Amino acid sequence: MAFTLPDLPYDKTALKPFLSEEAFDYHHGKHHNAYVQKLNANAEGTDYESMALEDVVLKSYEEKRPAVFNNAAQHWNHSFFWNCMSPNGGGAPKGKLGEKIAESFESFEKFKETFATQAAGLFGSGWTWLSMHEDGKLEILPLPNAETPLVHDQKPILTIDVWEHAYYIDYRNARPKFVEGFWDVVDWDFAEKQIG
Amino acid sequence: MGKFQLPDLPYAYDALEPNIDAQTMEIHHTKHHQGYVNKLNKAVEDSGADGSLEELLRNASKHSTGVRNNGGGHYNHSLFWKVMGPGGGGAPQGELADAINAKFGSFDKFKEEFSNAAASRFGSGWAWLVVNDDGLAVGSTPNQDSPIMDLADFKGEPVLGLDVWEHAYYLKYQNKRPDYIANWWNVVNWDAVHENFKKVK
C-alpha cells in the first residue's frame, strides 16, 4: 500500500493570520506531498513498502538509508505538525501536560522562552520538539533536517517546523516572529494526548 | 563598528532578473548575509577568536559553533555574489574550460554533476566546484560549512559556489529548487570563476 498525503485537519484558511492560505498551498500541497511521493518511489519494491510509517522511519534510520529516511521522517513530521496546530488553539497546556511542563521547566512561561530560543536558533533546516523520555521526563530537542525524537527513543509531544519553507512566504527571514505566532495556534489538547 | 563588514554587491539588486529576482537579492544581502556578519562579530568578540576570516575558517574545529556557522555564512555569501553577474551565463573559456573538459568529459557533463550535487543536498547548504588533491572536484556542504574549513566533509579551494538554502530561491521558485539551479547557470560570471581557478590551481 502506498503512503498517502493526509488532509489538513482544518481548512487552509483556518490559521490566518499566523499562516496564509498560500503558505499551506505550498507547505502541504507541494512540500509534504513531495516527501510522500519520494517516499513511495524509494520504498517501491522493498520491505519498507508494507511497513507502518513509524517503523519505516526507525528502520531506515538504523539501516542508514537517507533517501528513505528523509522522506519517511518528513512525512511523519509534517503529519504530526499539522495536528499540533488548530484554529481553536493557543492558551496554556492543562491537566497532566501542564503539570509536567511546569515541573520540568519551572513554569509555562520559562518553557515557552526556552522552546522559542531553541527554535529561533536552530541553524539551517530542522524541527524543534518537545519530547518525552521513557521515564516521563520532558525535553526540548532541536533536531536538524528530518531527524525526529523517535530515533532517540523519545516520544514527540509537540513540534514546530523551522525549515525556511515553513515561514518564508509569510515571514521572510523573520523566523522569531513565526515562532512567536505559533503559540496562538498550538493545539494543547493534541499535545496532551501524546503523553498518554 | 565590528571587525567584519558586509561587502557591497558588485551590481544592483535587480541585475540578475529574471533569473534571481530583486526582492530575493535584497533580503538575501541585507538580512541574511548582514545577519551572518553581525553574529560573526559577536561570536569573535565573545570567544576572543583571532585572525582573518580565512584563518578562522581553516581552523574552524578550534573555534566556537558561532564562528563556524556565521564565519562560513559570511565567507560563502561573499564568494557567491562575485561568481554571479549581469551578462553572465554561457560557458567558461581558456584553461578553465580545458580543465573542466578534461575532468568531467564536457561542460554539459560538469553542469549535470554540479546540478545534481545542488539538487540532492538535503536541507540547507551549498554546492561547490573546488580544486583539491583530485584536481577539480564537485561536491556539497551542509548549512554554512565551507570547503576551506578543516572540519568540512567536502574539502578544497572554492572556484564556484551555489547557495541552496531555501532563502536563496523561495520567493521566486518556492519548492522548485531544480528550476532555480537550471536558471542560475544564466547568471554565472565565468570570468570571475576563471580568476578564482587561476588563484588556486
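View 1. The mean positions of the 19 positive and 26 negative charges of chain B lie 2 Å apart. The model is predicted. Chain B exposes about 8500 Å².

**View 2. Fold and dimensions of chain B.** Chain B holds eight helices and three strands. Read from the N terminus, its elements follow the order α-α-α-α-α-β-β-β-α-α-α. The radius of gyration is 16 Å, close to the 17 Å given by the globule rule for 201 residues, so chain B is as compact as a globular protein of that length. Its C-alpha trace spans about 45 × 40 × 30 Å along the principal axes.

**View 3. Burial and contacts within chain B.** Of the 201 residues in chain B, 54% count as buried. Among contacts with a separation of 6 or more, 67% join residues 24 or more positions apart.

**View 4. Gln74(A) in its helix.** Gln74(A) sits in helix H3 of chain A, which covers residues 66–83. Gln74(A) counts as buried because its relative accessibility is 0%, and buried means under 20%.

**View 5. Surroundings of Gln74(A).** The side chain of Gln74(A) makes a polar contact with the side chain of Tyr35(A), at 3.2 Å. Neighbours within four places in sequence are left aside here. Within chain A, Gln74(A) is in contact with Tyr35(A), Phe69(A), Trp127(A), Asn145(A), Ala146(A) and Trp163(A). From chain B, Phe122(B) is also in contact with Gln74(A).

Terms used. Residues numbered from 1 in each chain as written. Chains lettered and ligands numbered in written order. Predicted model: local features only at pLDDT ≥ 70, side-chain atom pairs only at ≥ 80, totals over all residues. Heavy atoms only, no water. Helix = DSSP H or I, 4+ residues; strand = E, 2+ residues; numbered from the N terminus. Buried < 20%, exposed > 50% of the residue type's maximum accessible area, 1.4 Å probe, protein only. Polar contact = N/O pair within 3.5 Å; in protein donor to acceptor, adjacent residues only side chain to side chain. Contact = heavy atoms within 4.5 Å. Rg over C-alpha atoms; globule rule 2.2 N^0.38 Å. Areas by Shrake-Rupley, 256 points an atom, 1.4 Å probe, with all protein chains shown as cover. Lys, Arg positive; Asp, Glu negative; His and termini not counted. Charge placed at Lys NZ, Arg CZ, Asp CG, Glu CD.
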